[in-house]
Amino acid sequence: MSEIADTSPQPHLGRRLRRLMADQPIIPLMVLLILLCAVLQLLSPGIINPLWVANTIKFAIPLALLAGAQTLTMLTGGLDLSVGTVGTMAAFIMATQIGHHDPATTLALSLLPAVLIGLANGVGVGIFRVHPLIMTLGTGLVGSGILQVYQRTVIASGSEIPPFIVWLGTGLTYGVPNALLLFVPIAALIIFVLRRTGFGRQVYAIGDNEKASRLSGSTYWQVILALYVASSLLAAIAGLLYVGVIRTPSLTLLEPLVLPSVAATIIGGTSIFGGRGSYATAILGALILRVLTTLLTVLQMPEGLRQGLFGLVILLVTAIYLRIIEDS
Amino acid sequence: MPMTTSPLLEANGLVKTYGAVRALRNASLSLLPGEVHALMGANGAGKSTMVKILTGALRPTTGRIAIRGVEQKVRSPADARRAGLVSVYQEPSLIPDLDVLSNLRLTRTPVDAFRHWVHELGVPDLDLGEMARDVPLAILRVLDLARALAIEPDVLLLDEMTAALPANLAEKVLEVVRRQTQTGRSVIFISHRFLEISALCDRATILRDGETVGVVDIGPDVEDRIVELMLGERILRKHGAAVAAEARPHAQGKTRLSVKNLRVGTKLNDVSFDLHDGEVVGVVALEGQGQDELFAALAGSIRPSAGVIEVEGEAVKFGKPRDAIDRGIAYVPGDRSDALLMHRSVRENIALPFSTGVRRWGPINMSNERTTVLRAIERLQIDTRAQGEVRRLSGGNQQKVTIARWIAADAKTILCFDPTRGIDVRTKTQIYALVRELAAQGKSVLYYTSELEEIQLVCDRAVAIFGGRVVDVLPVEIADELALTRAAYGLPRDAAAADLGILADPTRPGAAP
Ligand SMILES: Nc1ncnc2c1ncn2[C@@H]1O[C@H](COP(=O)(O)OP(=O)(O)OP(=O)(O)O)[C@@H](O)[C@H]1O
Ligand SMILES: [Mg+2]
């Protein structure tokens, strides 16, 4: 029956590598980031210096915050498209109200619409089971309509960006972006919540198998409501930071970051079906997208081609990811 | 061993590794035409992996496969199908979001033949337009089998086909499989139920830790030899009668759970019974007699249409599972896919109930959790070599995780729906011991099982349900398989023994003593 020689198997290096990547997705993303930087350095020698690094981080932070909002919602199989409006509202209200109120009141005022929209999203998705895409698209549109009306009423009184926001958004201390002061604790909090708290467990459980989470006692709407409010708050913070970078409040301030934030999350390995993913990798995803944008700018491509390439890279990375994950 | 015929299928030196996990180390199998060949082994021994390799769903790391004497590479299930090999895998394979008919079209299954087999297998009234997700697990398994049979394979591979089936359906499956072989076709049959193995199979290949450790002819008294090969050690299997003889203390505790005139739609009618502290009540029923609805209602996942559920004397209304859990009622679902987070770790799966509810949203005490989880893992001997994601565990080990969850959660009342489904002999004995231990601690257990011999091994009483009604309540002393089978068919206790099929026939060699 057995004439089998000792076939002590050493799996191929390739397969072992894939397994490593599947278990530690942060490694291939690091490699990709470094690779992109290397290409950039090749194309335009000397471009990578401490100032460039600080600038890249500075621009990546608002994107990473939005990616946080997407990660949270995507882990339960959702998405938050209202982040653009929410962030823009926060920034715009802050810039137009700071002249009339003390900073604390202004902050509260600018976070208020975020909380309201977050609650609306949470109720819609969590209780009425509206699809997150529709729900957040809807609230986002409603929000931006209200913002336009609001703009007419304050058009005369003008706006200003408080120096503190500019300092936080663009300032460097010993070459390190001040925005990290805000971002690092927030990122640490998100990662901690997702990995080490009961709430985080519920988020993954709902995304992985809603029925199982229900049978083991979890209440869907409570988790979803909390998630969408958190998502909105992150968007508002991103808006406040970003206006410090851009320095002019506009009605579409954060809009260009919405789809890239979804892309950063997907590149970071979070499954759009929920249950799988992490925030640390989404941050890397945001950095990768920033570097990629610089790269395409350096190549001096026409805008259309640039967007096309951008999309292609996202597709490619996602496809590779899926292959790795499916196979193990 | 008949040496005159040449094997239909032969596999040698199969190896399959996943990173550091060796699912198969050196597995071989030789299948003769016209035989039913059992593939046996403990949970995680590599049976499913072997079936998947033979049918091209997985590629072996190394190893050779020869079909009708010709060595060939089986690259995909479609490849295997062309060579005459068709498998029913351990997990249901219909796509949940499609109706049955679309599922058939997708796999190019002849519909008429499919219908014929569904009928043969004892499901008379199937609606092909029904969504697969709405079909009960047991029926899904039958559909999987019918689909495989409709393709008329030369070699049929059945991976725990019967594990989710109650006696009446299992019976039909065995009959149909037996008939296959009369035309020279062969079957590879995986099951943890010895009764089925001895009633159906001609030979058995035994795997241990991914290695083929023996091939035996099935005959009387071969069971102990198989168990020894499977586990690499001797264990004493207690038989129902023996345990029943050990008189259990009949100290009746207080009434924990009381069900009065419970009704759920048309499925469950006027069901009443009590469950006491420290008591294990068995539930026996054929497929679809209302047992699913009974458990779902007690677990708070569906609302009864009439009747009362009382917990410790107080009438309760459960709107959602959380409400039942708050009353100390834990439900171990029969369908693993309803219980597990497939992409999460063993640890997270076991610890899941600890973090549900807003009050438990805060930071987790990781070291406490680890201790609790490890204790449960050890208790149930879960093979944790692939614990990073539960979907990588073998079927039986996944089942153990679902049980471990509620052991760890320390619930007062445990509703077990066929908990030993797909679990190997050794662990089964441990689970029986565990259930008895829980009862000794004063916990109450409601225990549905599709394996009737379990009733005498673990229960204090048995409630038989037929057509949505309680038709009999049997004290454990008389609840042997024959009595239970009769009760499950709704027959009165003392009428003359009718022919209830091969499984219930105690005169057959190898059947339960
Ligand atoms: N994708 C995977 N990654 C890592 N390990 C795996 C993977 N798939 C299977 N295994 C491991 O391979 C081993 C054999 O699994 P297999 O499913 O073949 O067992 P089995 O004999 O069918 O057991 P059961 O009776 O419980 O169904 C198990 O230890 C399992 O954890
Ligand atoms: Mg298996």
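How many helices and strands are there in chain A? I looked this up before anything else, working from a predicted model, and I noted 14 helices and two strands for chain A.

**Entry 1: chain A as a whole**

I next looked up the radius of gyration of chain A, which is 22 Å, and this agrees with the value near 20 Å that a compact globule of 328 residues would have. The C-alpha trace of chain A spans about 90 × 60 × 35 Å along its principal axes. Of the 328 residues in chain A, 51% are buried. When I took the contacts in chain A with a separation of 6 or more, I found that 77% of them join residues 24 or more positions apart. For the surface I wrote down an accessible area of about 15,000 Å² for chain A, with 71% of it belonging to carbon and sulfur atoms.

**Entry 2: helix α12 of chain A**

Is helix α12 of chain A largely enclosed or left open by the rest of the structure? I counted ten buried residues among the 13 of this helix, which runs over residues 255-267, so α12(A) is largely enclosed by the rest of the structure. The buried residues of α12(A) include L257(A), V258(A), P260(A) and S261(A), and the list goes on to I266(A) and I267(A). Just after α12(A) I came to G269(A), which takes a positive phi of about 90 degrees.

**Entry 3: G169(A)**

I then turned to G169(A), which has its place in helix α7 of chain A, residues 163-170. Its relative accessible area is 2%, and because buried means under 20%, G169(A) counts as buried. Leaving out residues up to four places away in sequence, I found that G169(A) touches K58(A), L241(A), G244(A) and V245(A). I also looked up V243(A), which is 74 residues from G169(A) along the chain, while the C-alpha atoms of the two are separated by 7.4 Å.

**Entry 4: chain B as a whole**

For chain B I noted 17 helices and 20 strands. Its radius of gyration is 23 Å, close to the 24 Å that the globule rule gives for 513 residues, so chain B is as compact as a globular protein of that length. The C-alpha trace of chain B spans about 70 × 60 × 50 Å along its principal axes. I found that 56% of the 513 residues of chain B count as buried, and that 67% of the contacts in chain B with a separation of 6 or more are between residues 24 or more positions apart. Chain B exposes about 20,600 Å², with carbon and sulfur atoms supplying 50% of that area. I counted 64 positive and 65 negative side chains in chain B, and the centres of the two sets lie 6 Å apart.

**Entry 5: the magnesium ion**

Which residues coordinate the magnesium ion, ligand 2? I found S48(B), through OG, and Q90(B), through OE1, at 1.9 to 2.1 Å. This pair links distant parts of the chain, since S48(B) sits in helix α1 (residues 47-54) of chain B and Q90(B) in the loop between β6 (85-88) and α3 (100-106), 42 residues apart. I checked the burial of both, and S48(B) and Q90(B) are buried.

**Entry 6: R147(B)**

I located R147(B) in helix α5 of chain B, residues 137-150. Is R147(B) buried or exposed? At 12% relative accessibility, R147(B) counts as buried. Setting aside its neighbours within four places in sequence, I found R147(B) in contact with several residues, among them S93(B), L94(B), N103(B) and F114(B). By contrast, I looked up P304(B), 157 residues from R147(B) along the chain, and the C-alpha atoms of the two are separated by 35 Å.

Most residues other than glycine have a negative phi. I therefore looked up residues that depart from this pattern. Q300(A), which is not a glycine, has a positive phi near 55 degrees, and I found Q300(A) in the loop between α13 (279-298) and α14 (303-327) of chain A. Q300(A) counts as exposed, at 69% relative accessibility. In chain B I noted E312(B), again not a glycine, with a positive phi of about 50 degrees. E312(B) has its place in the loop between β14 (306-311) and β15 (314-316) of chain B, and with a relative accessible area of 44%, E312(B) is partly exposed.

Notes. Residues numbered from 1 in each chain as written. Chains lettered and ligands numbered in written order. Predicted model: local features only at pLDDT ≥ 70, side-chain atom pairs only at ≥ 80, totals over all residues. Heavy atoms only, no water. Helix = DSSP H or I, 4+ residues; strand = E, 2+ residues; numbered from the N terminus. Rg over C-alpha atoms; globule rule 2.2 N^0.38 Å. Buried < 20%, exposed > 50% of the residue type's maximum accessible area, 1.4 Å probe, protein only. Contact = heavy atoms within 4.5 Å. Areas by Shrake-Rupley, 256 points an atom, 1.4 Å probe, with all protein chains shown as cover. Donors = N, O, S within 2.8 Å, 3.2 Å for Na, K, Ca; no water. Lys, Arg positive; Asp, Glu negative; His and termini not counted. Charge placed at Lys NZ, Arg CZ, Asp CG, Glu CD.
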